[in-house]
Amino acid sequence: MVASLSTSVNTNLGAISALASLRKINAELLVANKQLQTGYRVADASDDASTFSVAQGLRGDLQAFSAVQSSLANGVGLGAVTQAALTSISDTAGNIQAKLVQLSDGSITAAQRTIYTADYNTLTSQINNFITQANYNGANLISSGSAARTYLSSITGSTLSLSGLGATATALTTFTGAVNVSTASDAANSLTALTTFQSAIASSLSTSATESRTLSVQSSFQSAVTDAVTTGLGALIDADIGKASAQSQSLQVRQQLAVQSLSIANQQPSVLLGLFNTGR
């Protein structure tokens with residue numbers, strides 16, 4: 001039994017099939033080229049609505065993490081400046097102790113006492129400078145009347161604080177008011193006031209170190225979380241550029257073949273014209 005073959009000038013099934021294949025290839029090529037152009041597998045909602053929605057949420061989180069990191073960075077910076085100032089004050093207080101001991105020596109001459117007294121005054125002036133210069137971004141934690149500073153620690157709005165350490169300036173005022181180096185006995189008595197001042201500085205330094213360390217640890221944690229979210233977002237929406245490039249090249253070849261197939265299919269009805277050629 002011989003299968004019947006039919007050819008129609010109204011409906012070209014071969015062309016319809018070839019055109020459908022070409023449309024499918026063109027659609028896939030657009031997707032591959034879009035990935036190459038944008039770098040994203042999901043560049044907008046038209047690519048994958050649900051995944052794009054999740055990605056937008058993650059992008060919002062990343063912006064919030066950036067704000068938290070900025071706040072924590074300010075806290076870490078102020079904490080570092082405060083610790084540097086308190087450490088310098090503590091070191092200078094040790095030098096003052098040496099001067100007071102020298103001034104407690106009844107055997108020194110009047111000229112020597114004058115020199116040591118000038119040294120003492122210079123050292124106390126340095127401490128004042130450390131206090132007034134311990135500024136970071138407009139904040140100073142150890143000046144007189146300084147208040148605590150609060151910083152964001154998470155995207156949920158929780159916070160961490162650096163305590164106001166204005167007691168440092170107060171302790172210096174109390175110490176300098178109690179010191180008298182006019183005589184050896186006065187200088188010796190002043191060592192007690194210095195011990196009180198040093199205890200106040202040690203307390204402030206300990207508080208600052210503990211709170212600054214907490215801020216630094218939280219900042220490192222937030223950085224790690226940000227990196228993890230960024231990596232997850234990339235895995236969710238980034239395109240495999242190598243794969244997309246290979247697909248694009250393959251689809252371009254298939255596109256050319258489909259065009260040729262369509263051209264051949266469109267030529268098939270012209271065969272019918274031979275049936276009406278009676279001249280030969």
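Which exposed residues does the face of α4 turned away from its buried side carry? That face carries Ala167, Thr173, Thr174 and Gly177, where exposed means over 50% relative accessible area, buried under 20% and partly exposed in between (1.4 Å probe, protein chains only). This is a predicted model, in which local features need pLDDT of at least 70 and side-chain atom pairs count only at pLDDT 80 or more, while totals for chains, interfaces and linings use all residues. Residues are numbered from 1 along each chain as its sequence is written, and side-chain values use heavy atoms, with hydrogens and water left out.

**Overall form**

- The protein contains six helices and two strands, taken as DSSP runs numbered from the N terminus (helices H or I, at least four residues; strands E, at least two).
- Read from the N terminus, the order of elements is α-α-α-β-β-α-α-α.
- The C-alpha trace spans about 145 × 35 × 30 Å along the principal axes.
- The radius of gyration is 41 Å, whereas a compact globule of 280 residues would have one near 19 Å; the value is taken over C-alpha atoms, and the globule rule is 2.2 Å times the number of residues to the power 0.38.
- Of the 280 residues, 31% are buried.

**Helix α4**

- Helix α4 covers residues 167-178, and its 12 residues reach 16 Å from the first C-alpha to the last, close to the 16 Å expected at 1.5 Å a residue (the expected span is 1.5 Å times one less than the number of residues).
- Its buried residues are Thr168, Ala169, Ala171, Leu172 and Phe175.
- These buried residues fall within an arc of 160 degrees seen down the axis of α4, so they line one face of the helix; the arc is that of the directions from the helix axis to the C-beta atoms.
- The cover over the buried residues of α4 includes α2 (49-103), α3 (110-132) and α5 (184-237).
- Beyond its neighbours within four places in sequence, Phe175 has contacts (heavy atoms within 4.5 Å) with Ile96, Leu100, Tyr120, Thr124, Ser190, Ala193, Leu194 and Phe197.

**Nonpolar cores**

- A nonpolar core is a set of buried Ala, Val, Leu, Ile, Met, Phe, Trp, Tyr and Cys residues joined through side-chain atoms within 4.5 Å.
- The largest one has 27 residues, and those with the most contacts inside it are Ile89, Ile96, Leu100, Ile142, Phe175 and Phe197.
- Two or more residues of this core come from each of α2, α3, α4 and α5, and α2 gives the largest share, seven residues.
- Another core, of 10 residues, lies apart from it and includes Ala15, Ile25, Ala32 and Leu251.
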